[in-house]
Amino acid sequence: MTHSLQHSLRRAAAAMAMAAACALSSPGAARAQAVWELTPYRIQVYLAAGNLPDLTPRVLDDLSAGLVDRADVVVGAAWQMRVAAAPDLLHRQMAGGLNSIQVESLPAEALGADKVTLLWIAPEWTGYRVAARELDVATRTFSPVVEKWATAAALLPGTLFAAASDVFAPLASIESEAGGKVRLRLRAGRFPARDPAFLSVAPGDVFRPIIRYDDRDGNPKRILALPWTYFAVEQVDQAELTCQMYSGLRTALAGRRRGRVHQLALAVKPPGESTRLVVRARTASKRPLCGYDIYLQKPGETAGAWFGRTGLDGSIVIPPGEAPLMILYVRNGGQLLARLPLVPGLEKEAEAVVLDDDQRLAAESAVMAAQEELVDLVTRRAVLAAQIRGAVKAGDLKSADRMLIDLFALRTRDQFTTQLAAQRQRLYSEDPIVQKHVDKMFEE
């Protein structure tokens, strides 16, 4: 029996004993919650290294045992970690970069765990580079790759554990939502870390809701990460988290989901990179929208600050900020078109589909110009009429005839209406909502 397996069995026995004790003393739904809160994470780690003479199989075995020991000392019963050498096929794929790893690349037995952590050790001129990436099996979600450096082989055990800890994403179940407040139940939340400095969840952390639909055998049939929706943790009470929901959707968690449906929330850790935001029209053309204003706001602030405008391709790069979560506002001509929560760097590119507001602006400009022209026309007609009456009264019929010709040269109501109708036909929008605004402006 391997060293890591012995530790895993001891921790599993302790965790099961605690879960059974709490479950037996808790009725119904409370019992299910207690089991969830006292269910440790089964973490399968695959360790692999580049072609390094000093990293022999025995050394890698020692590093594996040291990783399990450190997890036991720092985390405790919340983690049941098992470390194994990466199989040959997975080893070759890891050598090509952890970003290329897909769920299908992993051994089938690995998907029986809750987390699959990939650790790769590569030689560098100044020591060793350690790359880590985690798969949350329930949501089939990969973490961004984290890289750390060890200047000497003696520092590898601590570096490996630090990398595994950085990619670890706590999982929670969504219990309720009311008035924008969401209550989450944290997996293994009743197991306090043995090291008080090791806090898996704290106020300010961000979770992303993920809905999983299972088939009759309990296998995932469909997994849906709710777009433009995040939970910001406000309070932590052991396994219970109180969060504020930020969403670009009107009804993110509305409606009852029946059957084999799991409403989950996975913690996200910003990689400190940028996201390229592309703003497109929501019509069939999906054309990029150029010149749209982007405002940024931190959660809790009352007003956003202007950041920039979209380019010719409808894109703008959003850099990481002080807070992991940012609220983006898309405006055009002062009209608010979208409110989009975003964690920069979590995705390389994000697409925002909004109203194509250009036709509304063009219609607004045309209507304002027509109103000004109409006022000028009515004023000139009134002035000429008064001048003609004055000339006739004074007996200056020649001047009256000349001004009468100018009066008849002014556009009539029918001519003005025809011109307005022609402009209305040119300003057609595929979006029915925009077209409704355009029609209303011309009708008024």
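Some ground rules. Residues are numbered from 1 along each chain as its sequence is written, and side-chain values use heavy atoms, with hydrogens and water left out. As the model is predicted, local features need pLDDT of at least 70 and side-chain atom pairs count only at pLDDT 80 or more, while totals for chains, interfaces and linings use all residues.

The protein chain has 9 helices and 20 strands. Those are DSSP runs, numbered from the N terminus: helices are H or I, at least four residues, and strands are E, at least two. Of the 444 residues, 44% are buried, meaning under 20% relative accessible area with a 1.4 Å probe, protein chains only.

Now the cores. A nonpolar core is a set of buried Ala, Val, Leu, Ile, Met, Phe, Trp, Tyr and Cys residues joined through side-chain atoms within 4.5 Å. The largest one holds 40 residues, and Leu55, Trp79, Met81 and Ile121 touch the most other members. Elements giving two or more residues to this core include β1 (41–49), α3 (57–74) and β13 (261–268). The largest share, 6 residues, comes from α3.

Take Leu55. Leaving aside neighbours within four places in sequence, Leu55 is in contact (heavy atoms within 4.5 Å) with Ala49, Leu60, Leu63, Ile121, Tyr128 and Leu156. A second, separate core has 21 residues, among them Ile318 and Ala350.

Back to α3. Its buried residues include Leu60, Leu63, Ser64 and Asp72. What should the 18 residues of α3 span at 1.5 Å a residue? The expected span, 1.5 Å times one less than the number of residues, is 26 Å, and the end C-alpha atoms of α3 are 26 Å apart, which agrees. Just after α3, Gly76 takes a positive phi of about 95°.

How values were computed: Buried < 20%, exposed > 50% of the residue type's maximum accessible area, 1.4 Å probe, protein only.
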